[in-house]
Amino acid sequence: MHTQKLLVSAVALASTAFAWAQEDTAENQNQVIEELLIIGQQKSYGNNAVTQSMMDQHSSLTSVVDVIDNIPGVLVTEGDSFGADDWSTTVSIRGFQLNLDQQQIGMTIDGVPNGNSNYGGGSKANRFIDSEDLAGVEVSQGTADISSRSHEALGGTLNYLTSNPADEFGFTLSTAVGEYDAKKVYARLDTGEFAPNTSAWISVSKSESSDFMEGSAENEREHVSAKIVSAQEFVTVTGFVSYDDAHEDNYQRITVAEFDVNEESDRLIGTWTGIPYVDQVYRKGWSTLRENTLGYLKVEFENDGFSANATGYYHHNNGRGDWLPPYVVAADGSLVTYVDNTGAPISYFAADGTEVVSIPGCESTLTFPYGGGSAAFDPSCQDTSNGAIPVGSYRHTHYTKTRTGLTADIAWTAQFGEAANTLRGGLWYEDYLREESRNWHQTTDSRLGYSFEGSPYWLQYDNEFPVTTAMYYLEDSIEMAGVTVRLGAKKFFVELDKDNELTGAGGPEVDSDSDVLPSFGVVYNTPVDGLEVFFGYAENFAAIKDVVLESADAVANVEAETAKNTDVGIRFQNDKFQVSAVYYDIEFDNRIQFVDGGNDVVSGGSDYLGEVAGQYINQGGIESNGLELAFSYNINENFSFYSAYTYNDSTYLGTGDSAVDAALGINPGNTVIGSPDNMLVLSLDFTMSNYYAGVSQKWVDERFVTSDNSSANIAPDYSLFDVYAGTDIALNSSFIESLNVHLTVNNLLDENYLSGISGDWGAWVGAPRTAVLGLTAKF
């Protein structure tokens with residue numbers, strides 16, 4: 001019923017838009033449309049680009065990842081309205097996922113690969129681009145351009161674009177304040193043309209916010225970026241560099257049952273209790289610290305039908321992930337053992353440093369978190385004859401990654417009679433080294449807080465993962481009589497290795513090369529002016545991730561993931577509106593999953609040691625098919641309307657052996673977790689003189705939280721309204737050129753909902769209504 005009402009609303013609003021259009025004056029009907037919503041370029045696959053109105057729906061505090069959320073086929077969810085917690089960020093495109101478990105969507109920055117998007121050492125676009133410096137995002141929902149540099153792009157590619165320098169000298173200063181202690185200061189200097197056809201900009205910003213649960217998080221981000229462009233007669237040189245330093249206190253997933261009990265809590269706490277078992281969910285102890293530096297230099301040449309470019313890039317990532325286990329661990333006999341002789345963890349010592357023995361027969365009264373802990377964790381069950389001092393640990397997982405790479409492309413276009421032929425090809429090479437280690441620090445005094453000893457008492461592991469990637473592609477396209485046909489192929493060569501820095505052991509070494517991946521497409525410009533039809537097919541590839549080598553078990557039988565993507569669609573556009581419809585069919589094979597081979601080592605809690613037995617294996621795959629519709633209409637000179645509807649059916653494929661499927665917990669035919677069957681976007685934007693405003697609604701169908709598709713684990717459907725309004729004020733001043741005031745309110749009706757889904761068990765609580773007011777001055 002909810003779906004039907006929304007669809008009826010969409011039709012009604014569209015009909016109203018057409019009615020208004022019929023009342024336009026002849027002058028308005030003949031006006032020059034300055035900007036149409038871009039809902040598809042002339043490609044043989046589904047693609048879209050964000051527009052200014054989509055970006056206006058978000059404040060300057062919002063992560064750039066989120067601006068693509070109104071594109072058909074796309075669902076972006078973040079821990080809060082600012083995207084201030086990378087741990088809780090998820091992206092779903094056509095059933096393919098980017099979350100804590102899966103990295104199936106490619107991401108690039110100005111065409112430069114981002115170096116994976118996973119939490120443990122990966123970096124999404126928000127680590128490289130400030131929202132004020134974002135020019136746009138190119139979204140390829142399935143079959144991306146053959147030149148795209150990513151070996152995660154099974155189900156789409158996102159290319160985030162930085163803005164170019166302004167032609168004139170100028171200085172921009174902005175500030176934003178919002179709910180949940182949110183604030184940001186941003187400054188940018190545009191040099192203008194300081195040398196022939198050469199200009200640059202540099203920007204700096206600092207932002208802060210807290211969580212919307214109980215207000216204990218201390219999120220901070222500092223960012224510096226610079227870009228230079230020099231466009232000469234045949235050659236253009238572009239340089240870009242960014243530095244980002246972020247400290248994020250996380251949100252945590254909860255079960256559907258927990259959400260039903262309390263829709264506004266993620267079960268992390270903001271007050272220290274002095275009981276290590278309870279304080280393991282102290283929010284400030286769940287932190288993500290990341291520093292990212294990315295730089296590239298690109299040289300482009302174009303003359304007389306021939307073009308070439310080459311880009312060299314460097315990326316360094318350094319960071320840490322924090323947790324607060326409620327006990328201490330020993331690597332040898334010099335410290336306490338991980339468990340005592342009864343098998344219970346130790347979290348209390350006597351005053352003389354010896355172990356406190358729990359009172360025999362005492363039953364714990366702890367009920368929070370995770371349903372409560374055993375007597376060994378409960379202070380009321382400790383023998384206090386010699387004191388009972390709580391002890392805990394601060395566990396640090398350190399992430400470091402260094403990447404250097406080179407991309408190069410050439411293209412040659414020649415006319416043969418009535419046919420225009422373009423031959424292009426390219427290379428990509430990248431060398432990276434990822435390091436990951438984990439050490440344990442003892443808390444100084446667990447009765448008082450989470451401060452910890454500077455020197456770790458245990459180094460659990462220290463591994464390095466060298467990875468080299470090489471890719472080449474070749475494509476030929478011919479255009480004649482309104483038909484463009486392209487045929488191409490690409491191939492990846494990926495080598496992974498592991499070095500154990502503690503033992504000196506090497507390996508395993510894994511080659512994760514792809515087969516030759518074909519790509520084919522046709523675009524037909526019909527006799528109807530503005531109408532084209534297209535067909536595209538491509539085989540995509542995701543190399544084995546180095547995280548697979550973390551498993552102690554053999555990985556020799558693990559194969560790289562592959563996907564076969566087919567797009568069929570139509571597009572129509574004129575100077576008033578655009579329409580696109582895309583049907584897609586995707587088969588994803590060799591899905592890599594971690595199979596848990598044991599139980600949690602801490603009863604009722606988490607596996608803090610990460611020592612649960614298991615291995616990575618290929619678990620069948622996923623089949624997705626669906627329909628993406630987009631409609632954009634300039635009603636008159638003041639109003640524009642946009643709508644996007646997505647129908648998606650993503651289901652799990654089995655291994656072909658029902659006994660193996662049952663043993664692995666695979667349910668062939670079940671819906672993929674986190675993928676809604678239906679999504680609908682309605683957006684109305686207004687501009688008049690120096691004023692602008694807009695309202696947008698996105699409805700998301702219910703989603704399964706667990707792969708068994710249990711009726712008890714369904715995230716309900718939800719509908720979010722976002723509104724924005726602003727004005728540009730021109731000032732007659734030789735000092736200040738203009739002022740802009742911008743207000744955004746996300747989740748206007750303050751709906752409670754579950755947002756991102758990950759882990760085959762839980763989801764994050766959705767962000768409540770959040771208002772932000774921004775002020776920008778141009779000098």
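A surface patch is made of residues with over 30% relative accessible area and no salt bridge, where like charges are joined within 9 Å and nonpolar side chains (Val, Leu, Ile, Met, Phe, Trp, Tyr) within 5 Å. A salt bridge is a side-chain nitrogen of Lys or Arg within 4 Å of a carboxyl oxygen of Asp or Glu. This is a predicted model, in which local features need pLDDT of at least 70, side-chain atom pairs count only at pLDDT 80 or more, and totals for chains, interfaces and linings use all residues. Residues are numbered from 1 along each chain as its sequence is written, and side-chain values use heavy atoms, leaving out hydrogens and water.

Glu179, Asp260, Glu263, Glu264 and Asp750 form a patch of negative charge on the surface. Glu263 sits in the loop between helix H4 (256-261) and helix H5 (276-279); helices are DSSP runs of H or I with at least four residues, and strands are runs of E with at least two. Glu263 is partly exposed, at 34% relative accessibility; buried means under 20% relative accessible area, exposed over 50%, and partly exposed in between (1.4 Å probe, protein chains only).

Next comes the backbone. Most residues other than glycine have a negative phi, and most peptide bonds are trans. Asn116 has a positive phi, near 75°, and lies in the loop between strand E6 (112-113) and strand E7 (134-140). Asn116 is buried, with a relative accessible area of 11%. Ala481 also has a positive phi, near 55°, in the loop between strand E20 (458-480) and strand E21 (483-496). Ala481 is exposed, at 71%.

The peptide bond from Phe368 to Pro369 is cis, with omega near -5°.

Notes
Areas by Shrake-Rupley, 256 points an atom, 1.4 Å probe, with all protein chains shown as cover. Lys, Arg positive; Asp, Glu negative; His and termini not counted. Charge placed at Lys NZ, Arg CZ, Asp CG, Glu CD.
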